[in-house]
Amino acid sequence: MHDSKDFKIPIGPQHPALKEPEGFSVALKGEKILGVDIRLGYNHRGIEKAAEERTYVQDIYLIERVCGICSHSHSTCFVQAVEEIAGLAVPIRALYIRTIIAELERIHSHLLWLGVAGHEIGFDTLLMYSWRDREVVMDILAAITGNRVNYGMNTIGGVRRDIDAQQTEDILKALTILEERTKYYIEVATQETTIIKRLSGVGILSREDVLRLDAVGPTARASGVKRDVRADDPYAAYAELSFKVITDDHADVYGRTVVRVKELMESYKIIRQALKNLPAGPLTVRAPRKIPVGEAISRYEAPRGEDVHYVKSNGTEKPERVKIRAPTLANVQAVKHMLRDRYLADMPIVVAAIDPCFSCTDRMVALKEEDCARAKIINWQTLHAFSIEWYKQQGIDFTELNKKLQDKLKG
Amino acid sequence: MSLTKKIVTWARIKSPWILHFNTGACNACDIELIAALTPRYDLERFGVILKGTPRHADILVCSGPVTKQIEDRLRRIYEQMPEPKFVVALGTCACSGGVFDGCYNVDSGIDKVIPVSAYIPGCPASPKALIDGVAKLLTSLEEKEETKKSGR
């Protein structure tokens, strides 16, 4: 692919700049990046297949663990699809609670990202600041759901825990603190010269490229593409809440930072509205154990972008097929584009700027190289014949045994 | 025990440097590990510093059920660490496979691949549990040294 004179350096799977095991093979000419090969798959656990072997209720908890940062996103997305197939009318209170948890999750994820971005550009003070403030949200999430991450809040047909008056008060108190801190971060992001100088012009992705490469979430919104599932195709309680879709036209890492910190303010607004209008009523409707035959696609705006789940049921208590398209898979192509002709030193922050979550994204990769060209698809009969031959070559012959078995069956 | 060895042991217990390696985790434990290093929990007060390379690390903190793809890398990283080395399995997945037990691509636990000194369960293991686990590991090292001493 590249000239042999070029320098190729492997980054990962274990590397101080990477928080997750993924492999990058970077072709360099001097300091300039000529091309990047991204090797996914270190985190592949086979969740989609495992989901087919577990019941729907078990799947909620399994799919929640697709990603430990946007766990509520994945479980809500899955549950929405199952509810659509089963034709369940979820109580409005449950939808509101889902929305509140979703926005709290967005706050914790964006604050986390801000810290990681600060760390990647050598601004560790920002990491310590934003992670300290993140603990405020974590406390709230732990108080409502009982766990800091992987909340276990969703169930088919509603939510499992209620938000009481005391918790509402606590959330509002926490939001006041966070709002004040976020104003400070907006100030830092928009006025601090070191941040602006380091981030602007890095990792440029034009509007056309966003549309061509199908980037999602803050990565797309930072290039002026108004793409947000919460507004475009409202789920949960978003249709009844008013908020702005934040966009920016810097089209670089700086723009992505601005979009994320401004989105924090919108999240506070959404939570305030949802808590104010939280309707009374039951938390769940009774869901059948066996989900009727059908299929559904569900969309959800995770903190990193659009998350898509496809569920196909076959009338039993286990799904026939579950397909997960996490936002990072949509964005990872854009990274390759953003890195081309950039300096190697920009790589950590450009990769971090899409807020990658490789545990969401990882899947099996079948490598087709030149020496694998003879690989062919064979049918069952050929495979059966081949296995008999293979065992014969190993010195194991089943012919006698088979004959005996046949005779016995006949007899 | 010679004086140098005494000093080395003392230094080792006072400043355990850790290497974090994600062996196929869902990120939750990894984020909680970073959270343990930030101001609220501040694991650094025990002298714990997160290092970037196995050659500088005393303790390998692994999170995740060990996928087939990462298995060889995990072994290689363990071999690169200088003696004496300790492995901490962080989270239920790393201890036993957790929800991923039985998946076609996972090994169900760090101890299937390399020896483990401490198990910290939880999904995800909270920073408090992590601090408790690390503190217990360090105390056990101290005790081990002391029993060795009294034995002589």
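1. Start with the charges. In this predicted model, chain A and chain B are joined by 3 salt bridges. One salt bridge pairs B:Arg40 with A:Asp139. Their closest N and O atoms are 2.8 Å apart.

2. The rule finds 16 residue pairs in polar contact across the interface of chain A and chain B, counting pairs with both residues at pLDDT 80 or more.

3. Which elements of chain A give two or more residues to the side that touches chain B? They are α1 (47-52) and α5. α5(A) gives the most, with 7 residues. By class, this side of chain A has 17 nonpolar, 9 polar and 12 charged residues.

4. Now the extent of the interface. The size of an interface is often given as the accessible area lost when the parts come together. Here, about 3100 Å² is buried between chain A and chain B. Carbon and sulfur atoms give 61% of that area. On the chain A side, A:Gln14, A:Tyr42 and A:Arg45 lose the most area to chain B. Together they account for 21% of what that side buries. In terms of contacts, 38 residues of chain A meet 39 residues of chain B.

5. Look next at the largest pocket. Its space is about 540 Å³. It is lined by 26 residues. Closest to its centre are A:Pro16, A:Lys19, A:His119, B:Ile34 and B:Leu50.

6. The lining divides into 14 nonpolar, 7 polar and 5 charged residues.

Terms used: Residues numbered from 1 in each chain as written. Chains lettered and ligands numbered in written order. Predicted model: local features only at pLDDT ≥ 70, side-chain atom pairs only at ≥ 80, totals over all residues. Heavy atoms only, no water. 1 Å grid on protein atoms, 1.4 Å probe; cavity = no way out; pocket = protein on both sides within 12 Å on 5 of 7 lines; lining within 4 Å. Points joined across faces, edges and corners; volume = space filled by probe spheres on them. Nonpolar A, V, L, I, M, F, W, Y, C, P; charged D, E, K, R; others polar. Contact = heavy atoms within 4.5 Å. Buried area = accessible area lost by both parts, 1.4 Å probe. Salt bridge = Lys/Arg side-chain N within 4 Å of Asp/Glu carboxyl O. Polar contact = N/O pair within 3.5 Å; in protein donor to acceptor, adjacent residues only side chain to side chain. Helix = DSSP H or I, 4+ residues; strand = E, 2+ residues; numbered from the N terminus.
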